[in-house]
Amino acid sequence: MALLEARGLIKIFGKLTALNGADLMVAANEFHGLIGPNGSGKSTLMKCVAGAEIPTAGTVTFGGRDISQASPAERARAGMSLKFQITSVLPALTLYDNVLLALQAQTSLPSLVFSRTRGVLHDRAMAMLEQFRLVDRAADAASALSHGQQQWLEIAMALAPEPKLLLLDEPTGGMSLEERRVTGELLQPIKKRCSLVIVEHDLDFIRDICDRLTVLDQGSVLDCGSVQHIQSSAKVQEVYLRRA
Amino acid sequence: MEIVVLAIGVLLPLVLKDYLTVYATRVLILCLFALSFDLVWGYAGIMSFGQAMFFGTAGYGVALIARDLGVTSILIVLPAGLLIGLAFALMLGGFLLLGRHPSSVIFVSLGTLTGSYAADRVARGWYYLGGQNGIPSIPPMSLGSYDITEGPVYYYLALGILLLVYLLCRFLVRSQFGLALAGLRENEQRIAFFGYQVQRLKAIIFSFAGAIAGLAGSLYAFHEGFVWPNMLGVVMSTQVVLYVLFGGSGTLIGAVIGTVAIEAVSFWLSNNYQDIWPIILGVLLLLVILFRPAGLISLILGERERVGNFGRPPGEGDRGSS
């Protein structure tokens, strides 16, 4: 059984149909890429899965449970985590506190008030910063980081609660070539720990890290399969050539 | 900084004349009120333009308890004031904050403003509450057979309660709960995606702050000896916003400094420039807000120190905002 099953998702904004019956299946520990031309509905599909948007029709099942109408917080508590397309780290807080904030999200209210989990979470926060090469700057404000480092911090925050499914919306947006390469390296080790859905424009990047790809066009799934299958798909090539 | 302010507070009645001690007591109670607004706005980012509603309803509540039931014991009236503030904040907060989706800042601002305005109108129009004149001649608060009247004793009572509440708030805002509040203030949408129940967090801090405002309102009512509709209304609600903005929102000491500064400057100006003092005060407030948007506290503390740390990055101890 797939970890995530989104079936027949339709999302209509006024007169615009952003999603028109899109499906997305992700298995446990699978890295799944979501690609397509601009305006094809990738980010909308991601938002419908994460709960940022409620689909007009269709269902989202996560771990066998229907979460189509669940709030983002409920989905997060079920084991889903999202990195937004636009970097949204908390700039006034230190890097350490950004990660701690993510880690303590499911701590009970009395434990938060009496700071009961601060000690326990300390090592996990430091390990997460270490993994993303940010440990030396733990005490700096997040606003002092470069754009690429903020993207890493946000991935670290999304990964910190040990989700079953990590959703990354354009994690390499605005990064240099070197930063993209490092991002790919940073993502590889998480393969054993969770599934990943990634929206990305950089096809080389996505080809290197993903097991399967779903290609969207005009709100519908154009094709879905292994990286080799998609690379040789005439339908996909036609769409990309048409847009080029 | 906090120690210096506390030392001044402790020593002040020794050097002040009696009438100034009474004035300083009023300022201490207003500091308590300012802390309640600072918690909701400065720490949690909830814009409440109706904080006086909790201050005033508690004031009216304890005035009625004293007038109609003859109960003035400090052991009953202060907890009663606290509970009245809490109950009204729970009701208004439940309505404004506990929807399925997070409420917008505008919705909460206007909702709290409307609540405060409506409470003011009800008090003005209800004969039982004394109408426009309010409830005069409230008997003094008592402890056993001892009446706690205005003067040094009331001053130290207010200072003691302010200190206790300050320390409680300080503990709270430096805790992991304080970090969650910082997340709420900085980007509530983001933290919802971590799994935080944003609306519930907001309702909790809003109610807690309402209880503090209620405590302040009950102290104020007994200190002044009467309550009147302005205690509930928009003017008082705006005044507390100015205290916190002037001193520096998001720091507890900033709220205290802002209240003391505005009240002290108002007092001095009104004695020396009787006709034009409100204009001078208004210009002064505008200048501070224009050139020091983070308030007077930003003259002493940098942004990083004001926000503080909640965890323990390497090489640093715990250090929260004050």
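Begin by selecting strand β1 (residues 4-13) and strand β4 (residues 57-62), both of chain A: they pair in the antiparallel sense over five bridges. Helices (H or I, at least four residues) and strands (E, at least two) are DSSP runs, numbered from the N terminus, and two strands pair if DSSP finds at least two bridges between them. A word on what you're looking at: this is a predicted model, where local features need pLDDT of at least 70 and side-chain atom pairs count only at pLDDT 80 or more, while totals for chains, interfaces and linings use all residues. Residues are numbered from 1 along each chain as its sequence is written, with chains lettered from A and ligands numbered from 1 in the order in which they are written.

Now click R7(A), and you'll find T59(A) of β4(A) standing opposite.

Next, hop to chain B and select G42(B), found in helix α2 (residues 18-43). Is G42(B) buried or exposed? G42(B) counts as buried because it has 27 C-beta neighbours inside 10 Å; the cut-offs are 20 or more for buried, 12 or fewer for exposed and partly exposed in between, with C-beta atoms placed from the backbone. Last, show S249(B): it is 207 residues from G42(B) along the chain, yet their C-alpha atoms are separated by 4.5 Å.
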